[in-house]
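This briefing is intended for a reader who is new to the structure shown below. The points that follow are grouped by topic.

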Amino acid sequence: MDWKQGFTQEVYYSGSFLRLGGLLGEGGRLRQESGLQAQRAEEDAMAGQLAAEDGREQDGAVESVPLQTSEGRPYLACRGISKHFGAVQALTDVDLDLHLGEVVALVGDNGAGKSTLVKIISGTQTASSGTISVEGKEVSIRSPHDASAAGIETVYQDLALCDNLDVVANLFLGREQLLAPLVGSPLSEAEMERRTAAVLQSLHIRIPSVRALVGTLSGGQRQSTAVGRAVLWGSKVVLLDEPTAALGVAQQREVLDLVRRLRDQGLGVVLISHNLQQVFDVADRLVVLRLGRVAANVKGREVSAEEVVAYITGANVTGAAAHP
Amino acid sequence: MTQTEKQPVASPPDPALAVAPETIVSGNALRGILDPRRWLVSGGSRTFPLLALLVLMWVGFDLKTGGIYLSSENVTDILVYTSLYGIVAIGEVVVLLLGEIDLSLGSLVGVSGASAALIMTNWVPHAPSLVTMLVGVAAAAAVGVLSGLFAGFWVSVMRVPSFIVTLALLLALGGIGLVLTNSQTITVTNDLFNALGASSISAFDGGYLPPALWGNHKDILHLSTGMLVVLILGIGYTLVLLGNARVRLASGLAAPSAFGLLSQGLAITVIGLIVVDVLDHYQGVPLPVFFLFVFLIIFSYLLRSTRFGRHVYAAGGNVEAARRAGISIRRIRWTAFALAGLMAGIGGVIYTARNNANNGGTVDQSFLLLVIASAVIGGTSLFGGRGSVWSALTGALVLASVQTGMALTLTATTDAQYFQYIVEGAILLGVAWLDTYARSRSAGSREA
């Protein structure tokens with residue numbers, strides 16, 4: 001299975017590499033980091049490598065390395081996150097930073113720990129050890145509710161939408177607005193519809209009608225609806241778990257455009273994807289997980305697809321310090 | 001949706017633009033409501049076939065019986081049977097919307113009715129008539145709610161499938177009814193209680209909204225109590241429609257025209273007045289029919305317009321999504337079974353009052369199946385999330401129409417009953433097929 005994975009990624013990469021040149025040539029509309037920051041990114045990546053190699057002892061060292069910061073302190077900072085299920089170590093000492101207005105792609109092979117990390121940040125699982133800070137303050141995220149309170153919303157792979165309800169009802173599910181603060185009060189449908197329309201408009205999300213049942217929408221529209229819900233609730237950070245899996249090409253583009261719009265509106269996005277081409281398309285930074293550790297933490301434009309594949313698979317590539 | 005590719009990416013949202021009426025989303029808000037696919041998914045595909053079926057049956061039976069079928073007396077009969085099934089079916093719909101089922105309602109109708117009859121005859125026989133009646137109703141409702149809470153506990157807390165829990169309860173309650181009554185028929189002598197079932201064939205004023213209020217009810221121009229009720233409800237409904245439209249316009253949303261809403265309210269009022277006028281030519285609107293509509297309106301509001309109702313649909317549509325949205329599935333399930341029990345308790349009152357007696361805590365064995373069939377024929381899905389309480393009305397109306405029609409056209413009573421079940425079974429299968437067909441069509445059009 002492993003060699004197959006590697007093979008398909010190689011093939012993917014050779015295709016995306018050509019594209020990559022074009023994209024970078026475009027002039028990095030959104031990549032405004034200075035050379036110094038780029039330098040720091042590299043250091044950061046290296047530090048991540050070292051930490052991953054040496055395990056917990058490097059805890060302090062990682063934090064002492066300056067993080068690449070385009071806007072100072074990261075909004076979301078995970079430090080030394082570990083998670084084990086019985087004897088199985090799913091995550092070891094993982095650090096993750098996310099700034100507002102930044103898209104971080106979480107990549108890695110199956111079982112590398114991407115989903116576990118997202119579940120920990122979104123509150124559906126708790127870490128065995130490690131801390132999560134939001135705006136510099138350590139927070140305890142023990143439930144999805146805690147995550148929402150901290151401005152973190154997750155769009156799950158299976159979307160968590162009710163097909164039998166319309167878009168408005170789905171966006172406000174569990175947080176319906178009432179006309180009066182009484183038990184049994186009628187729902188404030190007009191107000192909810194107005195706010196739904198406003199948030200979808202602000203994200204350029206196109207759907208036939210906010211009163212269309214979600215079951216009648218296309219895959220891309222459903223994904224957009226789920227993202228719209230996260231944005232509606234004033235989240236600062238949106239976690240997207242494989243948002244383009246099972247979508248057609250046009251719909252994938254729709255969703256990737258949406259990811260860029262989220263960033264341009266000042267949100268932080270964590271994107272899990274298997275598709276390296278998409279990752280290079282939208283991500284400012286790549287965090288590569290391998291066997292539950294951070295194998296690399298690099299700027300998207302400073303790394304070749306080849307190197308990323310090497311990080312993912314653990315293969316040795318000249319210049320890239322992949323651990324054995 | 002490839003249009004979005006060319007969208008400029010950077011521009012931050014202009015707050016004024018965000019609510020501009022030309023936005024693709026809000027401009028077509030009404031299209032969503034009028035979209036036939038929405039009807040398909042929400043079970044609305046049933047409405048027109050069912051109406052056609054009803055009209056065909058009514059005309060056919062009326063021709064066959066030489067006008068007896070659509071006489072005031074028989075229409076009264078049809079509607080009383082409709083409310084017997086319909087009131088209990090309302091509770092079943094709430095449970096079905098969650099994707100659960102309550103099989104105990106049949107036995108529960110008998111046991112709650114028996115409790116009412118026993119308490120009225122043994123414990124408060126000398127109290128004033130009104131008090132006795134109220135105690136009886138309260139007892140039946142309490143037994144219903146308690147049984148519902150019990151079933152809800154086992155389903156929501158102990159996580160036993162509702163089919164099993166309520167099947168067990170169906171059996172147990174059947175026995176409890178026999179134990180309570182010692183398998184004797186308990187006759188209820190309280191006239192006020194019996195009036196709740198419009199049982200009094202002899203007494204003119206027993207259990208009907210009186211036809212005489214203003215003018216002679218044989219004249220075209222008259223006002224009966226039932227008509228007054230219809231007028232109040234019709235005007236209230238129209239005002240709610242207009243009020244909603246005004247709020248929508250004030251929020252910058254598209255709203256249907258006032259003319260359209262007025263005609264909608266008027267149409268419903270006129271239909272109501274015609275039905276009431278037909279009933280007035282016999283004895284007036286039977287109280288069970290009045291209660292049926294009261295409960296339909298209450299539950300329709302509860303399910304369509306409140307947070308509880310929204311959560312019921314959500315939990316029935318995608319329980320995981322509802323849970324992630326912070327909805328307490330346990331509380332919703334528990335409440336739903338309690339409400340179903342309550343409606344079975346009310347049904348027990350009406351069933352017992354209708355017969356002036358409770359027959360050993362039991363009801364006809366077909367009662368439960370007819371209640372479930374009412375909900376399903378009306379368009380409520382057995383898999384949850386789709387349907388409405390109005391399906392209890394249409395489904396029960398279809399079954400009651402078949403039942404009375406068969407009883408009138410077939411001379412032998414047994415024949416009528418046998419054929420009634422065959423026809424009802426065929427209708428159930430037919431509409432279920434229609435629904436599956438419509439859904440496969442709508443699924444196909446989504447993929448296209």
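This is a predicted model: local features need pLDDT of at least 70, side-chain atom pairs count only at pLDDT 80 or more; totals for chains, interfaces and linings use all residues.

The side chains of Asp97(A) and Arg79(A) are joined by a polar contact of 3.0 Å.

- Asp97(A) belongs to strand E2 of chain A, which spans residues 88–98.
- Asp97(A) counts as buried because its relative accessibility is 7%, the cut-off for buried being under 20%.

**The six-stranded sheet of chain A**

- An open sheet of six strands is present in chain A, with the order E6-E7-E8-E3-E9-E10 and mixed pairing.
- Its edge strands are E6 (152–155) and E10 (293–299) of chain A, each of which pairs on one side only.
- From one strand to the next, the twist averages 20 degrees.
- Strands E3 (residues 103–108) and E8 (residues 268–272) of chain A pair in the parallel sense, over four bridges.
- Within that pairing, Val104(A) has Val270(A) in E8(A) as its bridge partner.

- E6(A) and E7(A) run parallel and are joined by four bridges.
- The bridge partner of Glu153(A) in E7(A) is Val238(A).
- In a regular strand, side chains alternate between the two faces of the sheet.
- In E6(A), Ile152(A) and Thr154(A) point one way, whereas Glu153(A) and Val155(A) point the other way, and all are buried.
- Helix H8 (residues 219–232) of chain A lies across E6 and strand E7 (237–241) of chain A, and H8 runs at about 170 degrees to E6(A).

**Helix H9 of chain B**

- Helix H9 of chain B comprises 20 residues, 162–181, and reaches 28 Å from its first C-alpha to its last, close to the 28 Å expected at 1.5 Å a residue.
- The buried residues of H9(B) are Ser162(B), Val165(B), Thr166(B), Leu169(B), Leu173(B), Gly177(B) and Thr181(B).
- An α-helix has 3.6 residues a turn, so residues three or four places apart point the same way.
- The buried residues of H9(B) pack against helices H7 (105–123), H8 (129–157) and H16 (329–355) and strands E1 (185–187) and E4 (357–359), which are elements of chain B.
- Exposed residues Leu171(B) and Val179(B) are carried on the face of H9(B) turned away from its buried side.
- Asn182(B) follows H9(B) and has a positive phi, near 55 degrees.

Methods:
Residues are numbered from 1 along each chain as its sequence is written. Chains are lettered from A and ligands numbered from 1 in the order in which they are written. Side-chain values use heavy atoms; hydrogens and water are left out. Helices (H or I, at least four residues) and strands (E, at least two) are DSSP runs, numbered from the N terminus. The expected span of a helix is 1.5 Å times one less than its number of residues. Buried means under 20% relative accessible area, exposed over 50%, partly exposed in between (1.4 Å probe, protein chains only). Contact means heavy atoms within 4.5 Å. Two strands pair if DSSP finds at least two bridges between them. Axes are lines fitted to C-alpha atoms, for helices over the stretch in contact, and angles run from 0 to 180 degrees between N-to-C directions. A polar contact is a pair of N or O atoms within 3.5 Å; within protein, one must be able to donate a hydrogen and the other to accept it, and residues adjacent in sequence count only if both atoms are side-chain atoms.
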